[in-house]
Structures are given as C-alpha cells and as structure tokens.
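Take a look at the sequence and structure below.

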Amino acid sequence: MKLVSKAVLGLVFTACAAGATIAVTAPREPSLDEVRQATDRFRDVQVALAEGYIRDPFNLCDTAEMMGKPAGLGAMGVHYFRPDLLKAGPPNPRVNGDGLHTDFRKPSILIYEPQPDGSMELVAVENLVFKAAWDAKHKAKPTFQGVPYDTMADDPATAIDEAHMFAPHYDRHVWIYRSNPNGVFAPFNPAVSCEHHKGAKTHDHGHAD
C-alpha cells in the first residue's frame, strides 16, 4: 500500500493557493456552448497544467463503485484542480476553503479519462464550493442551468471516503466532452472508464492504495 500523507497534500494546496485573488461569482451564467468554447483548450492536459491546474495528489481515477455506488453508474475519471479558485488550504483534518467561484467558463476542476497510450482525454468540467463557506453567504445551494449542485460529505460509518479528503461541499459535474447516458449533470458516466489508469484504486478516509 502506498499512502499519500496529509503533509504532502497540504504542501500542494499551500504552494498553489498562496497569494491568489479570485472573483467569487460569474456575472452571467454561461450556456453549455459557451463553457465548451471557453474550456476547449484544456483538451490538451499540458495547457491545463500550464494554467495552474494540478493532478489529484492521490492519483485516483474515481468510479461509482469506489464511492459505494452501483458499478453500472460508471466513472468520473482523474481530477485536475485549481486550489486558487477553490481558495483551499491544507488538510486540517480535511481540505477546506472559502472560495465561492462558480463560473464554468473557468472551472475549478477538469476531469480526464486515462487512455491506453498513457495520454489523458478531457471528459468533463466541474465546480466545487465548500458547504460552510457557501451557506454562510447564501440561503440555497448553488445552481447551474437551474439544477442545484450535488452535496458531498464523508460518511464515517463507511470504509471509503465519499468526500475525497474534502470537507462537506457542493459540486456540479458538466459532461460536455463525453456524452453521458445518465445526464449531462450526473456525477458518474458509464461511457467513462478507468481501465487504463495506473495509480491508486481506493479512497478510504484519506489513504489510497
């Protein structure tokens, strides 16, 4: 088993988030076409890395089964995220932050599917806000295209970590680069596979193997 320490994850967040100043909300909600036009360059993962996105330090390719859901729901993929947009700090004991960024023209998270040749294919974009920070300033969940964000929180009674080492949060996946039979805003996509992922296989309350 290879463990990813909280200290390592904390260094990643601290290094990327230090000194950042980010606008909190979009002035106008974009259409799906506008989101696609604004993020198309991230089909090249090297462009995403150059613009400040970092790969999940746990190197997980998330599937529904890993999250205690029916395997038939499919997968998410590998997450690349911008700590500065999340305004996230190091785990204490979980990653938390006070960012309120919800503009999908500049998503805080990009999701990629590992390919047989080792390359990464962009399949979805995502925004995430931490529940405590959002609820302190809003009376309702964030929404996109009229659909409320999903609520994610770890259940300590289970072996897995449903919140990926994060504090309770709201998130919204948007499948604009891979058609999703579950729906464009569903968390998982049966048309996405982690078959070619070389990395961690589980997420169990902060440890990956």
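The model is predicted. Strand β9 spans residues 169-174, and six of its six residues are buried. In a regular strand, side chains alternate between the two faces of the sheet. Here both faces are covered. His169, Asp171 and His173 sit on one side. Tyr170, Arg172 and Val174 sit on the other.

Which strands pair with β9? Strand β5 (residues 120-130) runs antiparallel to β9 and is joined to it by six bridges. Leucine 128 has aspartate 171 of β9 as its bridge partner. Strand β8 (residues 150-152) also pairs with β9 in the antiparallel sense, over three bridges. There, threonine 151 is partnered with tyrosine 170 of β9.

**The salt bridges**

The count comes to twelve salt bridges.

| Side chain | Partner | N to O distance |
|---|---|---|
| Arginine 43 | Aspartate 40 | 2.8 Å |
| Arginine 41 | Glutamate 51 | 2.8 Å |
| Glutamate 113 | Arginine 178 | 2.9 Å |

Glutamate 113 lies in strand β4 (residues 109-114) and arginine 178 in the segment after β9, so this pair ties together parts that are 65 residues apart in sequence. Glutamate 113 and arginine 178 are both buried. Salt bridges that share partners also join Arg94, Asp154 and Asp161 into one network.

Arginine 43 is partly exposed, with a relative accessible area of 45%. Aspartate 40 is partly exposed too, at 37%. Arginine 41 is partly exposed at 40%, and glutamate 51 is partly exposed at 32%.

Notes
Residues are numbered from 1 along each chain as its sequence is written. This is a predicted model: local features need pLDDT of at least 70, side-chain atom pairs count only at pLDDT 80 or more; totals for chains, interfaces and linings use all residues. Side-chain values use heavy atoms; hydrogens and water are left out. Buried means under 20% relative accessible area, exposed over 50%, partly exposed in between (1.4 Å probe, protein chains only). Helices (H or I, at least four residues) and strands (E, at least two) are DSSP runs, numbered from the N terminus. Two strands pair if DSSP finds at least two bridges between them. A salt bridge is a side-chain nitrogen of Lys or Arg within 4 Å of a carboxyl oxygen of Asp or Glu.
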